[in-house]
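Q: Please take a close look at one part of this model. Walk me through the local strand geometry, then what surrounds it.

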Amino acid sequence: MVLIKHLSEYVGKEVTIKGWLYNKRSSGKVKFLIVRDGTGMLQCVVFKGNVSEEVFELSGNVGQEASVEIIGKVKEEPRAVGGYELDCTDVKLIGESNDYPITPKEHGIEFLMDHRHLWLRSKRQTAILKVRHRVIKAIRDFFDSRDFTLFDPPIITPNACEGTSTLFETEYFDLGPAYLTQSGQLYAEAGAMALGRVYTFGPTFRAEKSKTRRHLTEFWMVEPEVAFNDLDDNMDLAEEFLEYVVQTTINDCVEELEVLERDTTSLKRVKRPFPRVSYSEAVEILKRKGHEFEWGNDFGGADETIISEEFDRPVMVHRYPAEVKAFYMKRDPENPKLALAVDVLAPEGYGEIVGGSQREDNLDLLIERIKEHNLPQEFFEWYLDLRRYGSVPHSGFGLGLERTVSWICGLEHLREAIPFPRMIYRNTP
RNA sequence: UCCACAGUAGCUCAAUGGCAGAGCAUUCGGCUGUUAACCGAAGGGUUGUAGGUUCGAGUCCUACCUGUGGAGCCA
């Protein structure tokens with residue numbers, strides 16, 4: 001059996017192809033079967049004289065997405081998709097398919113989401129899935145080649161990690177309520193104290209009733225955490241990381257991005273150094289552009305878009321008002337109203353793809369913060385131990401995988417960036 | 001949670017308050033190079049649900065349900 005993507009090595013030879021019928025056309029004594037196998041598309045030509053009567057009849061009756069085994073001779077053919085076609089000598093039906101719901105015409109989003117398990121077979125969706133895979137590989141390659149250790153945090157946690165978001169709650173035997181993690185970060189800090197440089201990579205959960213194209217209730221996040229890194233080191237790491245992920249992906253996914261009709265000129269500019277502006281400077285940008293904004297608030301989606309339009313590549317916004325950020329972020333020694341936080345805003349309206357900070361490493365200040373946020377200190381004793389025993393400055397950030405995939409693919413909505421999206425009003429299929 | 005919009009054939013959509021329609025899909029027939037092929041024919045409907053206005057409602061009104069887009073929150 002030969003994969004369609006490798007067909008160019010078999011010109012003039014007889015091969016066996018196994019796949020699914022994408023579409024078919026016929027013209028009297030000749031039938032064209034367009035077959036896909038997950039690696040490409042192939043036009044298979046069945047001439048009446050070249051096959052048995054049964055096979056010719058079968059070729060006309062295979063339904064869309066029926067699985068088939070096809071034997072034929074490979075030839076170059078500029079008229080066919082992919083540049084090659086198969087001159088068929090035999091066609092076998094493996095699994096029939098009648099009345100396949102997703103026809104080769106337009107469909108509405110509700111219908112497609114209801115049939116997500118089948119929608120995944122389409123050209124556009126397989127292209128996105130391949131880009132997602134390449135992004136994941138780039139993420140892992142980047143950290144693996146820089147002395148990071150993959151560190152898996154728990155998914156079930158006893159407390160709300162940052163104390164702000166709404167979490168999914170479940171009963172945990174006799175121990176009372178437990179929650180699905182919204183971030184592996186606090187645990188990653190323990191990992192960084194053990195291994196120096198770690199990254200977590202896994203699903204995270206938010207029960208916020210967000211209903212926008214930028215939100216999922218279940219999404220994947222990668223979170224590096226590095227001992228002895230300060231905020232500047234953290235920003236250096238984030239920009240090197242983003243450059244690597246974007247550049248390797250657009251290099252290796254040229255065909256997929258073509259299917260998605262993604263203009264990659266702006267992605268090619270994702271090179272170091274990224275512009276760095278403070279929160280206060282970002283507020284000035286908004287005001288200069290005539291948008292009302294009060295210092296001290298967090299940026300909304302529209303604000304982020306306006307700020308990012310000032311620059312030709314991702315922009316790093318640092319030193320936010322501490323009040324809008326999480327309790328564990330270290331304050332700026334030059335201005336205690338500010339947190340040593342950094343968000344990276346992607347261009348083209350894709351918004352915040354990275355959020356990070358230098359962490360508070362002083363035991364007394366951290367206890368103070370926990371009290372200020374009315375968090376139950378007993379749940380954080382283990383976290384405070386990290387400051388009791390050999391505390392060091394350390395920093396890290398989180399990158400949302402689906403937002404990154406959406407940005408690179410140029411998607412309208414995050415739901416296409418993950419095989420089975422979980423959203424406020426949908427948990428099926 | 002709030003705001004806006006939508007719901008008609010399997011799908012995508014039409015239909016001035018006056019006979020429920022088209023394209024695609026499906027089935028049948030035609031065509032030896034098709035490119036979301038094309039040509040001909042057939043089958044396919046409790047117009048989201050419940051009320052109301054009207055001689056008459058897919059169309060107007062009320063409530064509800066479902067979905068879509070956005071806000072807030074966030075990655």
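A: In the hairpin of β2 and β3, 4 residues lie between the strands, and G38 takes a positive phi near 90 degrees. Helices (H or I, at least four residues) and strands (E, at least two) are DSSP runs, numbered from the N terminus. This is a predicted model, in which local features need pLDDT of at least 70, side-chain atom pairs count only at pLDDT 80 or more, and totals for chains, interfaces and linings use all residues. Residues are numbered from 1 along each chain as its sequence is written, chains are lettered from A and ligands numbered from 1 in the order in which they are written, and side-chain values use heavy atoms, with hydrogens and water left out.

β2 (30–36) and β3 (41–47) run antiparallel and are joined by 7 bridges. Two strands pair if DSSP finds at least two bridges between them. V30 stands opposite F47 in β3. V30, in β2, also stands opposite S27. β1 pairs with β2 in the antiparallel sense, over 7 bridges. That hairpin has 2 residues between its strands, and G28 in the turn has a positive phi of about 70 degrees. β2 is mostly covered, with 6 of its 7 residues buried (under 20% relative accessible area, 1.4 Å probe, protein chains only; exposed is over 50%, partly exposed in between).

Now the RNA. β1, β2 and β3 are among the elements that each supply at least two residues of the surface near RNA strand B. Near means that a heavy atom of the residue lies within 4 Å of the strand. β1 gives the most, with 4 residues. In total, 45 residues surround RNA strand B, and N23, R25, P104, R213 and R403 are the closest. The surface has 13 nonpolar, 12 polar and 20 charged residues. A polar side-chain atom of R25 lies 2.3 Å from a phosphate oxygen of RNA strand B. G28 places a backbone N or O atom 3.1 Å from a base nitrogen of RNA strand B. Of the RNA strand B atoms within 4 Å of the protein, 48% belong to sugar or phosphate and the rest to bases.

α4 gives the most, with 4 residues. The lining counts 22 residues, and T39, G40, M41, K130 and E255 lie nearest the centre of the pocket.

Key: On a 1 Å grid over the protein atoms alone, a cavity is a set of points where a 1.4 Å probe fits but cannot get out, and a pocket is an open set with protein on both sides within 12 Å along at least five of seven lines; lining residues have an atom within 4 Å of a point. A polar contact is a pair of N or O atoms within 3.5 Å; within protein, one must be able to donate a hydrogen and the other to accept it, and residues adjacent in sequence count only if both atoms are side-chain atoms. Ala, Val, Leu, Ile, Met, Phe, Trp, Tyr, Cys and Pro count as nonpolar, Asp, Glu, Lys and Arg as charged, and the others, Gly among them, as polar.
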